[in-house]
Amino acid sequence: MSERSRNLPRRACLSVPGSSPKMMAKAAGLGADMVFLDLEDAVAPLEKEAARGQVVEAINTLDWGEAVLCVRVNAWDTEWTYRDVIDVVENASERLDELMLPKAQSAADVQALDMLLTQIEKVTGRKSSVGIEAQIETARGLINVEEICAASSRLETIIFGPADFAASTEMPVLTGGVQIPEYPGDHFHYVFSKILMAGRANGLQVIDGPFLKIKEGEALRDYAMRTRLLGYDGKWALHPDQVAIINEVFTPTQEQYDRAFDILDAYEKATTEGAAGERKGAVMFGDEMIDEASRKMALKFVSRGQRAGMSRSSG
Ligand code: GLV
Ligand code: MG
């Protein structure tokens, strides 16, 4: 894993075609926590080889600020993956944080990338190691998500890819990653939960994929809130307009942030103050009981808010 990016927030994760120098130049200043320069599905097959050099140029010359910087290579079932990895990692500066592996199907897929990266790092003398983000977007990938999430110490995130997943499972939809009002409930609830458990069990950030109806901001907000409420860290943005909505959905509200601090203060007081025998592990906070689990829940809001640059309201 990359020490720099391992714990950086990934609320909005912006996808940018690696074959478009213009879009890559624009992407650098759009306020996404993570940007990935795509060599996979956003690049036409005849542009794939030229895009590698364009991606390297963008990494080495643009100012990416604090964003986590990633390149999505092509999947192992194509003829492009190994050259994507070698050309990009041998020539990109240390500013490159990670590679994204689409259509991860098994632990071996991740380990193959890990081994290739290890050799390239040895030969080039790279100081920071390159992290990996893996996408779950096939039925086989979902079945193997537990071994995939445990496959390499380079892994930083696990990502759901709804469009390819719908194709892989033969869902009768023509747009991936959007609501299906006719379905009673959420057609991806099982998938979201399974990926979340596997990711969290291995200490990974867990990210939801794209929402393809670019012009429907309110529908995006509604859909993003589902994975946010389950516990996901962030979601892809396919267009600059989606970045602000996703950042907002995945950031605590000021009220939640302040309440989390109040819980931490009340818990600290209850557990440490008073004479021997009077300190309490569970205590009333307003009209509810809080305990050690409440402290852990509150800490999540605090760390996410801090990562988003929030400060506690005074008084
Ligand atoms: C993303 O890659 C998807 O297939 O949804
Ligand atoms: Mg995909």
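A residue counts as buried when its relative accessible area is under 20%. By this criterion Lys 103, with a relative accessible area of 17%, is buried. The structure discussed here is a predicted model.

**Barrel and flanking helices**

Eight strands close into a barrel in the order 1-2-3-4-5-6-7-8, and their pairing is parallel. On average, neighbouring strands of this sheet are turned by 25 degrees against each other, direction ignored. Strands of a sheet pair through backbone hydrogen bonds, either parallel or antiparallel. Strand 6 (residues 155-160) and strand 7 (residues 205-208) run parallel and are joined by three bridges. Thr 157 has Gln 205 of strand 7 as its bridge partner.

Helix 4 (residues 107-124) lies across strand 4 (98-101), strand 5 (131-136) and strand 6, and its direction is at about 150 degrees to strand 4. Helix 8 (residues 189-201) lies across strand 5, strand 6 and strand 7, running at about 155 degrees to strand 7.

In soluble globular proteins, nonpolar side chains tend to be buried together. The largest nonpolar core here holds 69 residues, of which Leu 37, Val 88, Leu 99, Ile 158 and Ile 195 touch the most other members. Helix 4 gives the most to this core, contributing six residues. For Ile 195, once neighbours within four places in sequence are left aside, the contacts are Ile 136, Leu 142, Val 145, Ile 158, Phe 160, Val 206 and Tyr 232. Another core, of 13 residues, lies apart from the largest one; Tyr 257, Ala 260, Leu 264 and Ala 298 are among its members.

**Magnesium site**

The magnesium ion (ligand 2) is coordinated by Glu 137 through OE and by Asp 164 through OD, at 2.1 to 2.2 Å. Glu 137 lies in the loop between strand 5 and helix 5 (139-143), whereas Asp 164 belongs to helix 7 (residues 162-168), so the pair ties together parts that are 27 residues apart in sequence. With 3% relative accessibility, Glu 137 counts as buried. Asp 164, at 23%, counts as partly exposed.

**Cysteines**

A search of the whole structure finds zero disulfides. Cys 13 is in no disulfide, and its nearest cysteine sulfur, that of Cys 70, is 9.0 Å away. Cys 13 is buried, with a relative accessible area of 2%, and Cys 70 is buried at 0%.

**Positive phi angles**

Lys 103 is a residue other than glycine with a positive phi, near 50 degrees. Its place is in the loop between strand 4 and helix 4. Glu 170, also not a glycine, has a positive phi of about 60 degrees. Glu 170 is placed in the loop between helix 7 and helix 8.

The accessibility of residues discussed above is collected here.

| Residue | Relative accessibility | Class |
|---|---|---|
| Cys 13 | 2% | buried |
| Cys 70 | 0% | buried |
| Lys 103 | 17% | buried |
| Glu 137 | 3% | buried |
| Asp 164 | 23% | partly exposed |
| Glu 170 | 68% | exposed |

Technical notes
Residues numbered from 1 in each chain as written. Chains lettered and ligands numbered in written order. Predicted model: local features only at pLDDT ≥ 70, side-chain atom pairs only at ≥ 80, totals over all residues. Heavy atoms only, no water. Pairing = 2+ DSSP bridges. Helix = DSSP H or I, 4+ residues; strand = E, 2+ residues; numbered from the N terminus. Axes fitted to C-alpha atoms, helices over the stretch in contact; angles between N-to-C directions. Contact = heavy atoms within 4.5 Å. Donors = N, O, S within 2.8 Å, 3.2 Å for Na, K, Ca; no water. Buried < 20%, exposed > 50% of the residue type's maximum accessible area, 1.4 Å probe, protein only. Disulfide = S-S within 2.5 Å. Core = buried A, V, L, I, M, F, W, Y, C linked by side-chain atoms within 4.5 Å.
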